Amino acid sequence: MKVPRSILVLVAGGALLLGGFWTGRLMAGPLWGHLGFGVAGHFGHIANHFDHIANWLALSDLQKTEVKRVVRSHREEILSQIQSQIGMRKALGEVIMAGTVDEESIRQRGEALGRVEAEGALLRARIHSEIWPTLNDEQRAKVASLHQMMELKHNEVLGSVQDFLK
């Protein structure tokens with residue numbers, strides 16, 4: 001299943017900015033509409049999205065400041081991660097679209113992308129571990145409900161693909 005590049009960039013940037021509140025599960029995309037976000041392809045001003053999520057979680061001014069501090073302290077890592085993922089996806093896409101199937105090259109680029117994504121997951125986990133203690137129990141419950149909702153959405157996506165492939 002090929003996911004449009006704009007959605008992947010959205011996911012990488014959003015997940016990193018939010019400090020790991022969400023993991024790769026956001027790649028499914030449908031969540032954005034449920035939270036009042038715009039279409040994934042129109043992901044423009046990250047500050048607006050941060051404000052929306054901060055309001056949804058009812059973060060205090062102190063919590064917002066702390067989340068921003070944590071995320072900004074990882075600025076170089078975040079930017080490097082996003083640029084690496086974009087570059088790796090582009091390289092993989094180019095070899096896939098080359099017209100001939102070069103399995104070895106596709107595997108190599110896919111594995112390289114996997115390594116970059118693994119590093120991104122580690123970065124999100126580190127940021128998450130720094131932000132999580134600043135949340136109260138109610139906010140943590142909201143994040144947990146978000147993860148549950150994404151599981152349901154992933155199951156819906158899988159079911160939809162299965163239906164289509166019949």
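How many residues apart are E103 and R107 in helix α6? They lie 4 residues apart, about one turn of the helix; point 5 returns to this pair.

1. Basis of the model. This is a predicted model, in which local features need pLDDT of at least 70 and side-chain atom pairs count only at pLDDT 80 or more, while totals for chains, interfaces and linings use all residues. Residues are numbered from 1 along each chain as its sequence is written, and side-chain values use heavy atoms, with hydrogens and water left out.

2. Overall fold. The chain contains 7 helices and 0 strands, in the order α-α-α-α-α-α-α from the N terminus. Helices (H or I, at least four residues) and strands (E, at least two) are DSSP runs, numbered from the N terminus. Of the contacts with a separation of 6 or more, 76% join residues 24 or more positions apart; contact means heavy atoms within 4.5 Å. The accessible surface comes to about 9,800 Å², and carbon and sulfur atoms hold 57% of that surface; accessible areas come from the Shrake-Rupley method with a 1.4 Å probe, and for residues only the protein chains shown count as cover. Buried residues make up 34% of the 166 residues, where buried means under 20% relative accessible area, exposed over 50%, and partly exposed in between (1.4 Å probe, protein chains only).

3. Helix α3. This helix covers residues 46-57, and its 12 residues should span 16 Å at 1.5 Å a residue; the end C-alpha atoms are 16 Å apart, which agrees. The expected span is 1.5 Å times one less than the number of residues. The buried residues of α3 are H49, F50, I53, A54 and L57. They cover an arc of only 135° around the axis, which puts them on the same side of α3; the arc is that of the directions from the helix axis to the C-beta atoms. An α-helix has 3.6 residues a turn, so residues three or four places apart point the same way. After α3 comes A58, whose phi is positive, near 60°.

4. Nonpolar core. A nonpolar core is a set of buried Ala, Val, Leu, Ile, Met, Phe, Trp, Tyr and Cys residues joined through side-chain atoms within 4.5 Å. The largest one has 15 residues, of which L57, L59, V67, V71, I78, I127 and I131 touch the most other members. Two or more residues each come from α3, α4 (61-73), α5 (75-96) and α6 (103-131), and α3 gives the most, with 4 residues. Leaving aside residues up to four places away in sequence, V67 touches F50, L59, I131 and T134.

5. Salt bridges. The count is 8, a salt bridge being a side-chain nitrogen of Lys or Arg within 4 Å of a carboxyl oxygen of Asp or Glu. E117 pairs with R89, the closest N and O atoms being 2.0 Å apart. This pair links distant parts of the chain, with E117 in helix α6 and R89 in helix α5, 28 residues apart. E117 is partly exposed at 28% relative accessible area, whereas R89 counts as buried at 14%. E103 and R107 form another salt bridge, with the closest N and O atoms 3.4 Å apart; E103 is partly exposed at 46%, and R107 is partly exposed at 47%. D163 forms a salt bridge with K166 at 3.5 Å between the closest N and O atoms, and K166 counts as exposed at 80% relative accessibility.
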